[in-house]
Amino acid sequence: SSLSSDLQLSLGFTWMIACGDPKAKPSYLIDKNLESAVKFIVRKFPAVETRNNNQQLAQLQKEKSEILKNLALYYFTFVDVMEFKVRNYKCVNRSVTLLFLNFDLTKNYLDLIITYTTLMILLSRIEERKAIIGLYNYAHEMTHGASDREYPRLGQMIVDYENPLKKMMEEFVPHSKSLSDALISLQMVYPRRNLSADQWRNAQLLSLISAPSTMLNPAQSDTMPCEYLSLDAMEKWIIFGFILCHGILNSDATALNLWKLALQSSSCLALFRDEVFHIHKAAEDLFVNIRGYNKRINDIRECKEAAVSHAGSMHRERRKFLRSALKELATVLSDQPGLLGPKALFVFMALSFARDEIIWLLRHADNMPKKSADDFIDKHIAELIFYMEELRAHVRKYGPVMQRYYVQYLSGFDAVVLNELVQNLSVCPEDESIIMSSFVNTMTSLSVKQVEDGEVFDFRGMRLDWFRLQAYTSVSKASLGLADHRELGKMMNTIIFHTKMVDSLVEMLVETSDLSIFCFYSRAFEKMFQQCLELPSQSRYSIAFPLLCTHFMSCTHELCPEEVILKFYLSLCNMFLDEMAKQARNLITDICTEQCTLSDQLLPKHCAKTISQAVNKKSKKQTGKKGEPEREKPGVESMRKNRLVVTNLDKLHTALSELCFSINYVPNMVVWEHTFTPREYLTSHLEIRFTKSIVGMTMYNQATQEIAKPSELLTSVRAYMTVLQSIENYVQIDITRVFNNVLLQQTQHLDSHGEPTITSLYTNWYLETLLRQVSNGHIAYFPAMKAFVNLPTENELTFNAEEYSDISEMRALSELLGPYGMKFLSESLMWHISSQVAELKKLVVENVEVLTQMRTSFDKPDQMAALFKRLSSVDSVLKRMTIIGVILSFRSLAQEALRDCCLSCGSQVAMNVYELSSAAGLPCEIDPALVVALSSQKSENISPEEEYKIACLLMVFVAVSLPTLASNVMSQYSPAIEGHCNNIHCLAKAINQIAAALFTIHKGSIEDRLKEFLALASSSLLKIGQETDKTTTRNRESVYLLLDMESPFLTMDLLESCFPYVLLRNAYHAVYKQSVTSSA
C-alpha cells in the first residue's frame, strides 16, 4: 500500500510537471497544425465522433502511429491512477480503532486516504489531461478500429473528478464512521504536539539535564510511536479527513476543535513536493454550497485570520526554542554518547519537531500573506539544521551503543513484560497466541554477543506480524479486541520502537529528519545559504547546507528515479562548498592585506623620518608644520586600553574561525556516489588566490614600467605566508602543499593557467627597463658597490637602479625566484648576449681581410696604423662588447645572490659539473649557460673552421679597438666606484667569458687565444703613449687599467711580459691623483 501510494504520487506529479513545462510537454499539444484537432477533441471529451469530422481530424491521420507511440506512457500513467483509485476505494471501508493502540494500521489507513485525495487533486491540476487521453484514444481507434478498453472508465473518471474534493465528499459518506473514528483518536496526540514554545519551555521539553537524577532512566511514553509522528502528516489527516467526512464537524465538538486547531496552524498544506493546497479557500468554496454550513464557513474565516496573524510568530518562537534545545541535546550526547540508549526517544522527537518547523517555514515563506514578513525570514535556520545534522551524526556514529542497549532491553525487560501480559489474557485465539509467542521467543533469543560479532538484525518480520495482529484484532467481531486490552497495544508499540533502535536506525533518521523537500525549493534553499554566509554568527553552521544535499537521494522513488534531480543537487552541493571556500578565501585575503600593511611599516624606508626627528630633536631644530600629527610607530595597534574595542583584524579573525569551523566539520561527504571534500575546495581557492596575490603584489605597470622592489615583495610574501600558515590552526589542511604548488609555479615563465609569473615579470623588467637604461648611458655598474647606480642626466629616471640591484635586493630576488627562476633569468640574459655576439660576428665578417692581416702584423706599428684606418664599425664593436659585459656583470650579481641563498639554506655540496654549479650560483671558469646560448648560433652555411676563424678574429677586433676608448670623455676611471662611468670596465668580463665560451664550442685553446688577445691589446695600448694629441690620449691611464683584468686563464707573469705592471701602477697613481684634484 505504502509503496504503491508513493509510486503513484511520484509518477502523477512527474507527468503533471512534464505537461506543464513547455520544454517537456508532448509536442502534439503545442503543434500549431494540430491545434484545431486538439481543441475539438477536448471540447467533445470523452466522446469523439471521428467518422463525421474528417476535416477537423484529418491532420491526425498522418500522425496516428507516432501519437500512439509517444503518448502511451502518459496514457497508461492515467490508467494506473484509475486502477489505484479503484483498489484504494476497496481498502478504505475498514474498522479502525485508536491511533495510539493499533498505530501502524491507523497510520497506513489515513496515509492511504490522504494519498488518494492528493492524487486526485494533482490529477485535476493537469490541464492537458483531456487532450492527452483523447488524442491517444483517437489514434488507437484509427489504428485498431476501436477505442482502448480502459478509455470509457478513464474518460468518465476525468469528468467526474473535475472538482475532486466535492466528488470525494460524496464517495466517503458510507465511510464517515471509520474515518472519523480514526481522526478523533488524534485528540490524545495532536493537541499535545501543537503547543506553543512557552509551553514547551515550561515543560523543559527535550532537556536531559533538567532532572539529573532521572538522566539514566529510559524515556517512556504510552504513545511511543506518536511522539515523533510528523505534525505535517497529522494536519493533512485532520484537514483533508474532516473535509471528506464533514458531517461529524456539526455533531462532535472534539472533531471540530481538532479541525479548527489545524486550520489555525497553517494556511497551506503540501500535496507533493513543492505543490501546495490552500486549505481555507478550498474548504470555504466546498462548504459555501452546502445548506446549514454558514457556521462552519465563519469558523474557517476566523481560523484563516488567526493563521495569518499568529501562526508565523508561533512557529518562529518554536524554532527559536528548538535551536537551544537541540544544541543542549547535541552537546550532552557528544560528551556522554551512552545516553543515546535511554534517551533515544528524545533524539527522534527533537529531529521530528525541528523537521516539521523547517518544512512549515519552507512551505509558507512563498505562500503566506505577508502581513508580518519577518516571521517568514529566519536567518538562523542554518543553526537549527546544523544541530539536526549533529544529532543524526551521533546516531550513525554510536549506532552500536544503541544496539547494545536495546538488545538487552528487549531480551531482559520487554520479553518478560509481554509474556506476562499474554499469560493474563482471558481470551487468546490460537493464531494470535502463536504470533504473541513468536514475539516473546524472538526477543528472548537476543544477546549482546550478536552486536559484538557484528550480526545484522532484521525485525521486519516481527513488525509485519504485529501489523497483521492489529488487523485481526481491529475488526468488529474479533475474539481478541485490541481496544479491550490497551496495555497490550501500548506495550507492543513500545517494543516495535525498541526493535527499530536495533535494526532500522537509518530508516528512523529518514522518517524523522529527512529534509529532501529542499531539493524542490532550490531558490529558497540558496537564499537561506546566502543569508547564512552574510551573518558572521551563522557562518559556522553553513556546512549544514551541503550536508542537506545528502538527504536528496530519498526524494526519488526506487521504481521511478529522477537523475535530473540528482545531477541538480550535485551541482548545488558543489556550489555551496565553493561559496564557503570563496568566503573563507576572501577573509584570509583581507587578513593578509592587513598583515602586509603592518609588515610594510617595518621596512627600512619608513625609519628615515623617525631618525630625522630624533636628530632634529637632539640638535633642537624645529622642523615640520605646527600641529602635524606624530607618526604612529609600528606595534601601536597591539596596545589595547579597552577589551571592548574591536579592530577590523579582530572581526576578520572571528569571522574566519567561524567559517573554518564549518569547513573543517566533516572530512568528506558522499552525495549520490560522489565524494565531496570541503577542505580541498579551500585549498584550491587558496592556491589560486595566493598565485594572483603574489603577482599582484609586484605592482607591475607595463605602461610606466614600474615594479615593486624584490625586498618589499619578499616581505609581503612572507607576511602572506605567515597568515596562511596560521590557517592550519583552524582547518586541517596541508598549507605546505599550497606553498609548494604556488611558489614552484612562480619559478617558471608561466603558471598552470598560462598567466605570467613573478619570474617572467622581473626578468622582463630587468632586461627591458634596467639593462636597457644601462645601454642608453643612464645607469652605470659600480663594482665597488656591487650595484647599478643612476648617472646624473637631463631626463631623470622614474626609478633608482641601486634600489633594485644592490646585494640585498638581488638576494631577495633569488629567494623569490629560486634556482629555477634564476635559471630562466640567466637564459634570458644569455639570449640577449647571443644576439649581440651574432651582430659582432657580422661586423667581423665585414672586416675579415683587414683583421686577418692585423692578426699577424701586431709587431709592425706603421702597418697596424694603416690597417686600423680601414676598419669599420669600431665603436659598434666596443659598444656591443660593453653591453655583453654589463649583462654578464648583472648575471654575476644574480649568481652571487643565488649562491648566498643556497648557502643559507644549507644546500652547498661539492659539485664538479659546471651546469650544477651554475644552477646553485657557484662561479664557473666556463659559463655553461653562455656555451649553450652561443652553440645554438652555429650556421649550416659556414664550416666549423670558418666559425673558429671568425671567433679568433673577433678577439683581434676587440683588442685593436681598445685605444679608441681613450678619447671618450666618459672613459675616465673613478676610484670611488672602481670603474668607468661608461661601463667599459665590464669589457674584461665580456672578453674572458666570450672567449671561454667560443673556444670551448670550437674546441680551441682558450689560453692561447687570450694570450694572442693580450699581445694585440698591449701593443695597441702602448702605442697611445707615443701619441701627442691630448684629445686622443685624454683618458689614456684609465684605459690602461682595462688590462688589469682577473682571468682564470692568464697569469700575471704573462701580463708582465706584454704590458709591464709598472705602467699599470703609474696609471693607478695618475687616476687617483686626478680624482683627488677633481674633488678638491
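## A buried threonine

Thr-512 is buried, and its relative accessible area is 0%. The model described here is a predicted one. Thr-512 belongs to helix α24, which covers residues 505-513.

What does Thr-512 touch, leaving aside residues up to four places away in sequence? Its contacts are Tyr-228, Phe-348, Leu-351, Ser-352 and Arg-355.

## Two helices side by side

Helix α20 spans residues 430-444, and helix α22 spans residues 460-474. Their axes come within 10 Å. They cross at roughly 155 degrees. An angle over 145 degrees counts as roughly antiparallel, so α20 is roughly antiparallel to α22. The crossing of these two helices is left-handed.

Which residues make the contact between α20 and α22? From α20 come Glu-432, Ile-435, Met-436, Ser-438, Phe-439, Thr-442 and Met-443. From α22 come Met-462, Asp-465, Trp-466, Leu-469, Tyr-472 and Thr-473. Eight of the residues in this contact are nonpolar, three are polar and two are charged.

## A hairpin with a covered strand

Strand β5 takes in residues 779-782.

The partner of β5 is strand β6, residues 787-790. The two strands run antiparallel and are joined by four bridges. Within this pairing, Ala-780 is bridged to Val-789. Four residues sit between the strands of the hairpin. Lys-786 in this hairpin has a positive phi, near 50 degrees.

The loop between α2 (35-44) and α3 (54-70) holds Pro-46. The peptide bond leading from Phe-45 to Pro-46 is cis. Its omega is near 5 degrees.

Arg-273 sits in the loop between β1 (268-272) and β2 (275-278). Its phi is positive, near 55 degrees, in a residue other than glycine. Arg-273 is buried, with a relative accessible area of 8%. Ser-873 is in the loop between α37 (861-870) and α38 (874-904). Ser-873 is not a glycine, yet its phi is positive, about 60 degrees.

Conventions. Residues numbered from 1 in each chain as written. Predicted model: local features only at pLDDT ≥ 70, side-chain atom pairs only at ≥ 80, totals over all residues. Heavy atoms only, no water. Buried < 20%, exposed > 50% of the residue type's maximum accessible area, 1.4 Å probe, protein only. Pairing = 2+ DSSP bridges. Contact = heavy atoms within 4.5 Å. Axes fitted to C-alpha atoms, helices over the stretch in contact; angles between N-to-C directions. Parallel < 35°, antiparallel > 145°, perpendicular 65-115°, else oblique. Left-handed = near helix turned anticlockwise from the far one by under 90°. Nonpolar A, V, L, I, M, F, W, Y, C, P; charged D, E, K, R; others polar.
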